[in-house]
Amino acid sequence: NRIAEDMLYSNSLGGWIAKRVHADGYATARINMTLGNPPKLVAELFVCTTGVCVDSVTIDGPLTLTPEEFADAGKDFQPTLNIAVTPAGVDGVTHPKCVACPVPVIPPELRIENFQGSSRLLVTVLWDGTPYDIFVVSPAGHGLDTLAIDAVLGWKFTPAHDAKGEPVSAQMELEIPFKIEGIPVKKVEKKPN
């Protein structure tokens, strides 16, 4: 669930592959674990039309694991980078600030369904203000995480600075909201010829 030099975010990759092989969709699966709850399998089926892939079916159910499987499943994915990065707000490191941040637009298909949500991302901003690595911390689903990642990759930041005032690469969490202002777009019915 991340974009980096060596690994692509699954929805982005799925949509890219579906487009290249002229497929009508693709499926993803992940295991979610929260403290005090049994692990859950979440599978999503994405349908691709007009160049946009939308989550059309989500299947979500508990998993039964052996104690060994449960212990192994509890090891969270730890993103690794080839560069030194400090968490923003730690040891005197300031937060990067976005100076050009166009908000992603909800696709018409989701506006019709009146879908709203947010995608929480862990973003690495390099010492020169370039967004470099993105990890999805809390997905919105419905293909919106891909839109959030694509938007943030195009943003311009002023970099974080260390306690000495030098620019440094830093990681920070961002929440990208997807909200529909006013009345949702209505379906337009085709008129007979």
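Mentor: The discussion below takes up several terms in turn.
This is a predicted model, in which local features need pLDDT of at least 70 and side-chain atom pairs count only at pLDDT 80 or more, while totals for chains, interfaces and linings use all residues. Residues are numbered from 1 along each chain as its sequence is written, and side-chain values use heavy atoms, with hydrogens and water left out.

Trainee: Why is Ser-169 called buried?

Mentor: Buried means under 20% relative accessible area, exposed over 50%, and partly exposed in between (1.4 Å probe, protein chains only). Ser-169 has a relative accessible area of 8%, so Ser-169 is buried.

Trainee: What does the side chain of Ser-169 reach?

Mentor: The side chain reaches the backbone nitrogen of Trp-127 at 3.1 Å.

Trainee: How do you know that Cys-98 and Cys-101 form a disulfide?

Mentor: A disulfide is a pair of cysteine sulfur atoms within 2.5 Å. The sulfur atoms of Cys-98 and Cys-101 are 1.9 Å apart, and the pair forms a disulfide. A search of the whole structure finds one disulfide.

Trainee: What makes this disulfide left-handed?

Mentor: The torsion about the S-S bond of Cys-98 and Cys-101 is about -140 degrees, so the disulfide is left-handed.

Trainee: Why is Cys-98 called partly exposed?

Mentor: Cys-98 counts as partly exposed because its relative accessibility is 28%. Cys-101, with a relative accessible area of 32%, is partly exposed as well.

Trainee: Is Val-42 buried or exposed, and why?

Mentor: Val-42 counts as buried because its relative accessibility is 5%. Val-42 and Ala-29 are 13 residues apart in sequence and 5.6 Å apart in space, C-alpha to C-alpha.

Technical notes
Polar contact = N/O pair within 3.5 Å; in protein donor to acceptor, adjacent residues only side chain to side chain.
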